[in-house]
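Subject: A structure for you to look at

Hi,

Here is the structure I promised to hand over. Have a look at it first, then read my notes below.

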Amino acid sequence: MRASHTLATLHPVILVVEDLESLRLSMQQVLEDAEFLVLTAANAREALELAQSSARPIHLLITTLRPGGMPGPDLAICLRKHSPEMSVLYSSANPLAALEIPDPAEVISSMLPRPFTRTTLLSRINTLLAAHIG
């Protein structure tokens, strides 16, 4: 619990890239309730624009395997130019689709299968952020 409290105090920036508006808004609400600073984008282009205009680094990217515009791992590579320490959490209703990615090892290790609960989402986020922030 201490790590969770520390993380909330730091207000990490989380970028959610999700084309399904209802899921994007739902994740945004859960994350803001947990005191994270949340940026949202419907596709890769919007995500890259947000990252370029953000004064703060992005601590965590939550994205699908294939957000509109480019594959999720490619988006992560582009965003790490702005935020080198950024963690990534991939979300998919079909986690086996990660096997179609050229280098699936990182993707599979940071996969959050759908559907997921609020508790599972926050637990995975806190674990990822604790490894990189604190």
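Strands β1 (residues 13–17) and β2 (residues 37–41) run parallel to each other and pair over 5 bridges. In this pairing, V16 sits opposite T40 of β2. Two strands count as paired if DSSP finds at least two bridges between them. Strands are DSSP runs of E with at least two residues, helices are runs of H or I with at least four, and the numbering starts at the N terminus.

Before you go further, please note that this is a predicted model: local features need pLDDT of at least 70, side-chain atom pairs count only at pLDDT 80 or more, and totals for chains, interfaces and linings use all residues. Residues are numbered from 1 along each chain as its sequence is written, and side-chain values use heavy atoms, with hydrogens and water left out.

Now back to the strands. Together with helix α2 (residues 21–33), β1 and β2 form a right-handed β-α-β unit. Right-handed means that, with the strands pointing away from the viewer, the path from the first strand over the helix to the second runs clockwise.

β1 also pairs with strand β3 (residues 60–63), again in the parallel sense, over 4 bridges. There, I14 stands opposite L60 of β3.

What is the order of the strands in the open sheet? The sheet has 5 strands with parallel pairing, in the order β2-β1-β3-β4-β5. At its edges are β2 and β5 (111–113), each pairing on one side only. On average, neighbouring strands are turned by 20° against each other, direction ignored. In general, strands of a sheet pair through backbone hydrogen bonds.

Next, the helices. α2 lies across β1, β2 and β3 and runs at about 170° to β2. α4 packs on the sheet too, touching β1, β3 and β4, and its direction makes about 160° with that of β3. Angles run from 0 to 180 degrees between N-to-C directions, with axes fitted as lines to C-alpha atoms, for helices over the stretch in contact.

L79 belongs to helix α4 (residues 72–79). Is L79 buried or exposed? L79 is buried, at a relative accessible area of 1%; buried means under 20%, exposed over 50% and partly exposed in between (1.4 Å probe, protein chains only). Beyond its neighbours within four places in sequence, L79 is in contact (heavy atoms within 4.5 Å) with residues including L15, A51 and M86. S92, in strand β4 (residues 87–92), is buried as well, at 9%.

Enjoy exploring!
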